[in-house]
Structures are given as C-alpha cells and as structure tokens.
Amino acid sequence: MKNIQSILGILLVSMFTFTSCSSDDNTITIDNTPDFSGTFAQQDQMGRPAVNTVFVSSTSKDSFNTTVPTQQNAAFQAMFQTNLTGLSPAFTNPGDQNALGQDAAAFTGLLATDVLNVSLDGTTTFYDGTNVLTGRALADDVITVELLLIFGGEDFTENPNLSDDHVDANDKPFLSSFPYLASPW
C-alpha cells in the first residue's frame with residue numbers, strides 16, 4: 001500500500017509540474033523596435049568637451065544646452081568672448097591671438113557653435129599641429145588642446161602652468177576593433 005501511495009504521490013507531483021509549466025498561455029514577446037513616438041526635448045549637448053563648462057555662464061547653461069547649434073553663435077558668442085578675456089591672460093590686449101591666429105572674437109565665434117566637425121576626406125583630429133577641429137580621434141588630448149588654445153598665446157608658450165592638464169595617456173589601451181574603447185575598470 002505504501003508503494004502505491006508513493007507512486008500516486010510521484011504521479012500527482014509530476015502532473016502538477018508538467019501542467020503548471022505549460023507556456024501556452026504565458027508567451028512573452030520582446031519587441032526590440034525603437035519607439036520614437038512622443039515628444040522629446042534636448043537636455044544637454046557637448047560637441048567639444050569643456051567648452052560649455054568653461055565659457056557658458058552658470059545662469060545660461062540650460063539655455064545653451066537647448067539652443068540649436070545654428071543659433072548658438074548669435075546667442076552666445078559675446079558671452080564666450082567676455083568669459084575668455086576675463087579668464088585668459090593670453091587675450092588681455094585687443095589683437096592678441098592664439099596659435100590658430102585667431103583673436104578673441106574669432107576664437108569664441110568658433111567655439112560658440114558647439115558641434116564636432118568631421119573631415120570626410122582628410123585627417124580626423126582635434127588638433128595635430130596642422131589640422132584643427134576636423135574631428136576627434138580617441139587618443140586626442142582634447143582638454144590639453146583646449147587649454148593651449150585658451151592660455152597658450154600665439155605659440156603655445158604663454159602661461160605654461162595653465163596650458164596642460166598633465167594627463168598624457170589613456171588609463172587603458174584602446175582596442176584594435178570595435179568598440180575600440182577598453183572595458184571599464
């Protein structure tokens with residue numbers, strides 16, 4: 001009798017297990033199609049690292065971030081120039097130029113439109129001594145280039161203590177294939 005009860009118990013447990021595992025009514029469908037419906041608003045932009053941080057006054061950050069690039073120069077170039085001349089001794093006097101040969105108005109006009117330009121047929125670099133803002137390679141030392149252009153004067157020799165972030169290499173080597181960036185720590 002105990003054997004029959006044991007067998008019946010096993011059969012009941014097995015029936016319950018098999019019937020409760022049925023997926024006929026519990027099918028899960030995953031849709032990987034992006035949903036672009038709804039209303040979206042731009043919250044931030046940073047084509048060139050540190051430009052917004054340094055040149056946009058704190059009360060104008062949100063406005064700058066939501067202004068389309070084609071309107072940024074007209075809306076923010078004067079602010080950029082005021083902040084540049086107040087910040088950098090390399091642009092103290094009218095006519096002072098950076099290593100690109102740009103005075104404060106020309107340089108801040110370039111920076112006020114915060115987009116990352118891309119060269120389709122030439123060197124892709126933030127600055128390599130010849131090419132300027134033609135893109136950005138992973139190894140480009142963007143912050144040092146920006147510091148040099150802001151503080152370095154006409155030949156990058158002015159204000160040496162302000163013209164380098166002293167971060168000369170990535171903390172991990174880049175990969176030779178996509179995604180090219182090293183894994184996070």
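1. T113 counts as partly exposed, at 21% relative accessibility. The cut-offs are under 20% relative accessible area for buried, over 50% for exposed and partly exposed in between, with a 1.4 Å probe and protein chains only. T113 lies in the loop between α5 and α6. Leaving aside neighbours within four places in sequence, T113 is in contact with R48, P69, Q72 and N73; contact means heavy atoms within 4.5 Å. T113 and T70 are 43 residues apart in sequence, yet their C-alpha atoms are 7.0 Å apart in space.

2. Basis of the note. This is a predicted model, in which local features need pLDDT of at least 70 and side-chain atom pairs count only at pLDDT 80 or more, while totals for chains, interfaces and linings use all residues. Residues are numbered from 1 along each chain as its sequence is written, and side-chain values use heavy atoms, with hydrogens and water left out.

3. Confidence. pLDDT is the predictor's confidence in each residue, from 0 to 100. The protein chain has a mean of 83, and 86% of its residues reach 70 or more. Helix α1 (residues 2–20) has the lowest confidence, at a mean of 47. The highest is in α4, at 94. Over residues 3–20, pLDDT stays under 50, and the model has 0 contacts there beyond four places in sequence. Where pLDDT is low, the predicted coordinates should not be read in detail.

4. Overall make-up. From the N terminus on, the order is α-α-α-α-α-α. Elements are DSSP runs numbered from the N terminus: helices are H or I with at least four residues, strands E with at least two. Of the 185 residues, 26% are buried. Among contacts with a separation of 6 or more, 47% join residues 24 or more positions apart.

5. The core. Which residues have the most contacts inside the largest nonpolar core? They are F55, F80, L84, F91, F107, L111 and I150, in a core of 22 residues. Such a core is a set of buried Ala, Val, Leu, Ile, Met, Phe, Trp, Tyr and Cys residues joined through side-chain atoms within 4.5 Å. Two or more residues each come from α2 (51–55), α4 (69–87), α5 (104–112) and α6 (142–151). α6 gives the most, with 6 residues. L111 is in contact with R48, V51, F55 and F80, leaving aside neighbours within four places in sequence.

6. Helix α5. Its buried residues are A104, F107, T108, G109, L111 and A112. Their cover includes α2, α3 (61–66), α4 and α6.

7. T108 and Q81. T108 lies in α5. T108 is buried, with a relative accessible area of 0%. Beyond four places in sequence, T108 touches Q77, F80, Q81 and L84. Q81 lies in helix α4. Q81 is partly exposed, at 26% relative accessible area. Its contacts, neighbours within four places aside, are with A104, A105 and T108. Q81 and D103 are 22 residues apart in sequence and 9.8 Å apart in space, C-alpha to C-alpha.

8. The cavity. On a 1 Å grid over the protein atoms alone, a cavity is a set of points where a 1.4 Å probe fits but cannot get out; a pocket is an open set with protein on both sides within 12 Å along at least five of seven lines; lining residues have an atom within 4 Å of a point. Grid points are joined across faces, edges and corners, and a volume is the space filled by probe spheres set on the points. The count comes to 1 cavity of 30 Å³ or more. The largest cavity holds about 30 Å³ of space. F107, L111, F126, L133, E146 and L149 line the largest cavity. By class, the lining has 5 nonpolar, no polar and 1 charged. Here Ala, Val, Leu, Ile, Met, Phe, Trp, Tyr, Cys and Pro count as nonpolar, Asp, Glu, Lys and Arg as charged, and the others, Gly among them, as polar.

9. The pocket. The largest pocket has a volume of about 300 Å³. Its lining has 15 residues, and L138, A139, D140, D141 and N170 lie nearest its centre. That lining divides into 9 nonpolar, 1 polar and 5 charged residues.
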